[in-house]
Amino acid sequence: MRLDLTQEAWRLAARIVDIESVSGGERALADAIEQALLPSPHLTVLRDGNAVVARTDLGHPERVVIAGHIDTVPVADNLPSKVSGDRLYGCGTSDMKSSVAVALRMAARLTRPNRDITYIFYDCEEIEAERNGLRRLSLAHPDWLSADFAVLMEPTDGLIEGGCQGTLRAEVVARGTRAHSARSWFGVNAIHGILPILTILDSYEARRPVVDGLEYHEGLNAVRVRGGVAGNVIPDECVVTVNYRFAPDLDLARARQHVRDVFAGFDVLFTDGAPGARPGLTHPAAAAFASAVGGALRAKLGWTDVALFSALGVPAVNYGPGDPNLAHQREEWVSLPKIEECEQAMLAWLSA
């Protein structure tokens, strides 16, 4: 499928949505993006796997990155896209193919931007961190990510969201003694033993710290339970997987220690984790962006690749037309006026 970057942003977004790109299956969309950008003489177009990068090199003293992932969560009978009223429905409309459409149109239209720009369209953001396309680029081509400031076009409903939460997953283990279910009193049922774990979670009071002027709301929740051996066996192990979303005033080590403290007395095995990022809105480049775009500022309640840029020493914010509360839903949609509003704000910032 070919992409026409002269189409209105919402029409281009619909076209992009209709190219299925569930994590790990982004090649068709990456090919279409690469082919759409190659004819632009003001851009240098680069490719690594299913990530596409396009750069201006006009000699400006400042370079900004505009980045967005092209993958989606699995399709849930929500393709092809459809328009109803002022909404575009379909898998990835909010998270974040409407943003990809805005970035692609900017890449084609801004032949003489007021800053040099690196556009990054990358794969595998919606799955485990080890496969993240932006992480892969940071290791294989760190110069491609070099910049003074970055905008991750994650869904924010047209507001600037600063920083991001960290995330970790841990397995909390309840142990018992295996026995025949006909003589259960000879065993200790590990599934019954997770009740204290669930009680801890049910009564847990999440922190709501203010970090650099923005309030974050943490969460610690069970997301999976695994246990049982057979229909006639008292199980000797049951595992509750918990997900901790923590504010960026904690690093990963302190977040892990907090989980250990909460579940003191249980075996805790950490399976995944990524640090958050402080808002960084006091940085001059971020302040200039906030001034140009306007509107309220709020904390990003979720993890995004702002954290990766923060680790690289590049201040970054989240900004895009999608509503984050609609991400990953079967009835996911994006507001057509928000797409236009976001595009105009970005164009004003980069061409003023």
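What percentage of the 352 residues in the protein is buried? Buried residues make up 53% of them, where buried means under 20% relative accessible area, exposed over 50% and partly exposed in between (1.4 Å probe, protein chains only).

This is a predicted model, in which local features need pLDDT of at least 70 and side-chain atom pairs count only at pLDDT 80 or more, while totals for chains, interfaces and linings use all residues. Residues are numbered from 1 along each chain as its sequence is written, and side-chain values use heavy atoms, leaving out hydrogens and water.

The protein contains nine helices and 19 strands, taken as DSSP runs (helices H or I, at least four residues; strands E, at least two) and numbered from the N terminus. Of the contacts with a separation of 6 or more, 77% join residues 24 or more positions apart; contact means heavy atoms within 4.5 Å.

| Pair | Kind of distance | Value |
|---|---|---|
| Arg 208 and Glu 215 | side-chain polar contact | 3.3 Å |
| Arg 208 and Val 229 | C-alpha separation | 40 Å |

Arg 208 sits in the loop between α5 (195-203) and β11 (210-211). Arg 208 is partly exposed, with a relative accessible area of 49%. Beyond its neighbours within four places in sequence, Arg 208 touches Glu 215, Tyr 216 and His 217. The link to Glu 215 is a polar contact between side chains, that is, a pair of N or O atoms within 3.5 Å, one able to donate a hydrogen and the other to accept it. Val 229 lies 21 residues from Arg 208 along the chain.
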